[in-house]
Amino acid sequence: MGKQMTEMLKGTLEGIVLAFLTGNPAYGYEITAWLRSQGFTEIAEGTVYALLVRIEKNGLVDVEKRPSEKGPPRKVYSLNADGEKHLEEFWTTWGFLAERLENLRTEGK
Amino acid sequence: MSIRSMLETVVGELGLKKRWRQLKARKQQLPESHRKAHDAVERYLMYAAGIADGAILTAMAEDLLELFEQGAADGTPVSAIVGDDPVEFAEEFARNYSEGAWIKKERARLNEAIENITHGDLDKLDHRKEES
């Protein structure tokens, strides 16, 4: 993954994952697989895992442990009310940023 | 120190020791590639994360092991777990445990020092500029 993409994802991955989790509880592996299918092909599973640890600590998701046949129990993450609020703020911020950047690009032409 | 808090200290430490023993045993169950990668990241974290709190250090080690156990169970290769920039991944991972880092005190001290300047009478450079 390009350096620029890595840097930009740092600020947006949380919003992307919260958006994916809306109405769609999922565990880490599913989230990484979905991200890969969306073109983020080289995203590290560990990066997604660290993000999930963070949003759990920050109380944006509820976590349910489900036993699995192989390996440790799977944690299923679902968006809670605080997470929904956080996601709304993310979209507002993103909208502002996207609009400013688009203006910059068209003014420059 | 009251007997109760003494008890809590000892039991707390015993609890941590037990968790470390369990971690060590679980680590041995990992396939070789995952175990080696896990150990390399863990070694880096012990230095780089600068965690001074035993409970937080243990929680970090448990989370890291769970990541590699999960990866091994799903058949995810090491390269897909840590990505193409292992240091970047490790730093990102460590940030979740920064409340246990020794540097926390210095971070608070820096914030406080600046806060004292900006909220006190010291930060008057801007006003002087306007007047002149």
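Helices (H or I, at least four residues) and strands (E, at least two) are taken here as DSSP runs, numbered from the N terminus. This is a predicted model, in which local features need pLDDT of at least 70 and side-chain atom pairs count only at pLDDT 80 or more, whereas totals for chains, interfaces and linings use all residues. Residues are numbered from 1 along each chain as its sequence is written, and chains are lettered from A, with ligands numbered from 1, in the order in which they are written.

Chain A has four helices and three strands, and from the N terminus on its elements follow the order α-β-α-α-β-β-α. Its C-alpha atoms fill a box of roughly 55 × 30 × 20 Å along the principal axes. Of the 109 residues in chain A, 24% are buried, where a residue is buried if 20 or more other C-beta atoms lie within 10 Å of its own, exposed if 12 or fewer, and partly exposed in between, with C-beta atoms placed from the backbone. Chain B, by its elements, consists of seven helices and zero strands, and 20% of its 132 residues are buried.

The folds can also be described by contacts, two residues being in contact if their C-beta atoms, placed from the backbone, lie within 7 Å. In chain A, 49% of the contacts with a separation of 6 or more are between residues 24 or more positions apart; in chain B, among contacts between residues at least 6 apart in sequence, 75% join residues at least 24 apart.

Where the chains meet, 15 residues of chain A are in contact with 19 residues of chain B. On the side of chain A that touches chain B, α2 (28-37) and α3 (45-57) each supply at least two residues, and α3(A) gives the most, with eight residues. By class, this side of chain A has six nonpolar, four polar and five charged residues, if Ala, Val, Leu, Ile, Met, Phe, Trp, Tyr, Cys and Pro count as nonpolar, Asp, Glu, Lys and Arg as charged, and the others, Gly among them, as polar.

How do α3(A) and helix α5 (residues 86-95) of chain B pack, and at what angle? Their axes are 9 Å apart and the angle is about 10 degrees, axes being lines fitted to C-alpha atoms, for helices over the stretch in contact, and angles running from 0 to 180 degrees between N-to-C directions. The two helices are therefore roughly parallel to each other, a term for angles under 35 degrees, with those over 145 counted as roughly antiparallel, 65 to 115 as roughly perpendicular and the rest as oblique. Here G46(A), T47(A) and A50(A) in α3(A) meet F89(B), E92(B) and F93(B) in α5(B).

Within chain B, helix α2 (residues 32-48) carries H34(B), A37(B), H38(B), V41(B) and L45(B) as buried residues. Seen down the axis of α2(B), these buried residues fall within an arc of 100 degrees, so they line one face of the helix; the arc is that of the directions from the helix axis to the C-beta atoms. On the other side of α2(B), E32(B), K36(B), R43(B) and Y47(B) are exposed. Helix α6 (residues 103-119) of chain B is hardly covered, since the count of buried residues among its 17 residues is zero.

Finally, T22(A) sits in the loop between α1 (3-21) and β1 (26-27) of chain A. T22(A) counts as exposed because it has 12 C-beta neighbours inside 10 Å.

Notes:
The expected span of a helix is 1.5 Å times one less than its number of residues.
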